[in-house]
Amino acid sequence: MFRLFSSAAGGALILAAMTGTGHATEGVLDVVAPFEIKGADPVTSGNIFIKMDVAETLVNADAEGQLTPGLARAWTVSEDGLEWRFQLQPDVLFHDGTPLTAEAAALALSHARAKPGLLETAPITEIADEEGALVIRLSKPFAPLPAFLSEYRSLIYAPAAYAEDGSVREVIATGAYRVTRLDAPLRLEAEAFDGYWGEAPAVTRATYQAVGRAETRALLAESGDADYVFNLDPASLARLSGAPQVEVLSVSVPRSLLIKVNGAHPALADVRARQALSLAIDREGLAQAILRYPAGADQILPKSVSDWHSDSVEPLAFDPEAAKALLAELGWTAGPDGILTRDGQRFSLTLTTYPDRPELPLSAAVLQQMFAEIGVEVVIDSTNSSEVAVRHGDGTLDIALFARNFALVPDPIGTFLTDYAPTGDWGAMNWDNPEFTALIEDLARGEGGQAERERAIEILQTELPVIPVAWYQQTAAVSTGVAGAVLDPYERTIGLRQMRWAE
Amino acid sequence: MRPLTQAILYRASQAVLVALLVGMLTFLMMQALPGDMAFRIAAGRYGYDAVNAEAAEAVRRELGLDRPALAAFGTWLWDLMRLDFGTSVISGAPVMDEIRHQLGASLQLAGAALALSFLIGPPVGILAGLRAGGWLDRTLLVVSTALRSVPQFLMGLILIVLVSIQLGWLPAAGYGRPVHFVLPALTLALGLAAVSARVARDAMAAVAASPYYAFGRWKGLSEGQLLRRHGLRNIGVTLVTYLGLQFAMLVEGVVVIEAIFSWPGIGHALVHAIFGRDVPMVQGTVLLLGLGFVALNTAVDLTARWIDPRGRGAGEARS
């Protein structure tokens, strides 16, 4: 019996020794991120195919958010702003060997437009191919159209990728890498595509692994199993910063932590009540304690989004005493338990949030304490993210806490248009400022400039249809064995195509 | 009717009953869950940055969610009879393909864990049971209690830090190559072996203390012959029955382990399907899991009959 047992133990040891000879496969670049691959459809998982340089869009954006040529080498718009003409790059091949034509691009965009997404909200009347160019006709001028075409849901697949009903059968794109294996939801493998129209990438094989748990992602970076790890949790960030085998990147992104306020709520309809809530928030304290970086939001977007950040507006301040004074002005008096009451009504709000981003419920608990300081009771309901949209729709929402990405396209105008002109599921609720709506609509048509943008920011700052809390930073850990990796504030690329193995 | 056929027929009718009950219950439960189904599906598909009222409306139109629930259940039952599980409302892929991939990955992991625990647990338990009260027996009691008390997610993290980060021997997480099996399987196996070692030890101690075992020794059998002829077979039924039970317990442990090691398994899939109100996926998964348990119980019954012929003989004598 002892013999049997010892041979089993010996076998296990040999197995361990065999596998101990380095586990990160040579010559394969391993990317780890939290996003799961839901399928081949750009609408659900296009962001992953863009990040992995598998698929491409007509228009690209650089780190400053400036649009650059992608599959379209140039574009023009007619005098009246109603007709856009995109000239395609020549000699582009899809991964199945068929050439990229204006007809193929028009088909891909038509499929994208038929599904939920940004493109659906653009005033497009026709997408056609004419004389080898892609032509998009609009019902009214729409300046952010090229920016919309840079979004992941507008990526271009070959006609053979789509089934009759518009569903996507497989990934057939034009990127520098070709998918060799797609194991939804967690893994994809890719290799350099020989027929790529641009410069051939230095790294010939890459994998993508979706890892939902932040601790596991950090451990993968630390153990050297992954070369590029996207999105680190604050605790791991501190630990990895000291590790010699990885370099930690971080960048300010146009994503803000916001409190959405129901403008028709009896306690919140007066702008002074919203200002009081804003004054009760110690933004620096919250950002430092929960996000672990000093990024309290004293206006809606950070300085890195230069066009939409105004240096002239009065920054949102932390002053609980002023907040109490404002609420007293509105007729609220402290009840026996310290919570304010008015005409027999308690100042009690339900805050809706969701746990998909782990910092949200934590931030909600901190805000609950801060609001309690000024006598406002908050009940936290951490539920599914869609409940924010549902409660917006049926009017039952009091306040909601969420993280809003203003740069699904590199130009935040699209988000302002859908969220604040005048209301949106992830923006203002029961708020209507005709001046703001007019400003945004003008900007969307391509009229107006920096002065108009600053005025729009000023209106948001004084009216507070949403209360900014913090600005996000994106983080990544990159192995020192890799050079050329980037962390894009617009979360489009990781620079895979330009990466190479360090000497 | 022969008892073997009878047993199989009994299990087959059980399987049909399980299928119907499971289908009905999951359907009712999914209907009873709070929240608007179209919004939940849209959130599951497009993520929190892109879910809004328009996306939810589009989902409602596409999937015909306004239909009465009874009609939807009828369609599902009819499809099931034609062995068509439908397509996932989140990914659009056939449910059968998704389950094959994900249940397959879970079964591989569970199988590896069970095999590993079988290599560790029962041999140690048998050795301890043969010398009940000896040093090995006492050490085993302490070690197995300690291993069983550590939660599996903690065990997983300890192993990653130790084996992957400190020693750099194995990948910390991931899927795709055989080395990826070792850590998650070992995490599960240690917890299983802790208990199966105790079960094997108690069974062995009882057998070793029995009169027939002592008689075997008197008639001149060596310790090895004694164990093979009178020991292993007698503790076999206990062990196999317990193994079946462990496999069921594994399904629970696998959910936690899959999350930590980023393993594309059924636990992970089921949790996401429930959040995203992916009814076809939930029904398909739960149905296959239910049928899996029936199949497992059948296998345990048949193995136990094969190891211990006494029940079989008695049954045939009765018929």
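Let's start where the two chains meet: across the interface of chain B and chain A, two salt bridges turn up, a salt bridge being a side-chain nitrogen of Lys or Arg within 4 Å of a carboxyl oxygen of Asp or Glu. Keep in mind that this is a predicted model, in which local features need pLDDT of at least 70, side-chain atom pairs count only at pLDDT 80 or more, and totals for chains, interfaces and linings use all residues. Residues are numbered from 1 along each chain as its sequence is written, chains are lettered from A in the order in which they are written, and side-chain values use heavy atoms, with hydrogens and water left out.

One salt bridge joins Arg40(B) to Glu387(A), with N and O 2.8 Å apart. Another pairs Arg255(A) with Asp49(B), where the closest N and O atoms are 2.6 Å apart. This pair crosses between chains, running from strand E12 (residues 246-261) of chain A to the loop between H2 and H3 of chain B; helices (H or I, at least four residues) and strands (E, at least two) are DSSP runs, numbered from the N terminus. Arg255(A) and Asp49(B) are both buried, where buried means under 20% relative accessible area, exposed over 50%, and partly exposed in between (1.4 Å probe, protein chains only).

Now step back to the whole interface. Here 51 residues of chain B are in contact with 47 residues of chain A, contact meaning heavy atoms within 4.5 Å. The size of an interface is often given as the accessible area lost when the parts come together. For chain B and chain A the buried area is about 4,100 Å², with 63% from carbon and sulfur atoms; the figure is the accessible area (1.4 Å probe) that two parts lose on being put together, summed over both.

Turning to chain B itself, you will find 13 helices and zero strands. Of its 319 residues, 47% count as buried, and its C-alpha atoms fill a box of roughly 85 × 60 × 30 Å along the principal axes. An unreviewed UniProt entry places "domain: ABC transmembrane type-1" at residues 103-304 of chain B, though such annotations may be inferred rather than shown by experiment. That span is 85% helix and 0% strand, and its end C-alpha atoms lie 26 Å apart.

Is Thr187(B) buried or exposed? It is buried, because its relative accessible area is 1%. Leaving aside residues up to four places away in sequence, Thr187(B) touches Gln152(B), Met155(B), Gly156(B), Leu159(B), Ile257(B) and Phe261(B). Its side chain also reaches the backbone oxygen of Leu183(B) at 2.7 Å.

Chain B has a salt bridge of its own between Glu62(B) and Arg45(B), at 3.1 Å from N to O. The partners are 17 residues apart, with Glu62(B) in helix H3 and Arg45(B) in helix H2. Glu62(B) counts as exposed at 53% relative accessibility, whereas Arg45(B) is buried at 7%.

Arg346(A) is partly exposed at 37% relative accessibility, and Glu377(A) is partly exposed at 26%. Chain A also holds a network of salt bridges linking Glu83(A), Arg85(A), Glu126(A), Glu130(A) and Arg137(A). Over all chains, the search finds 39 salt bridges.

Key. Polar contact = N/O pair within 3.5 Å; in protein donor to acceptor, adjacent residues only side chain to side chain.
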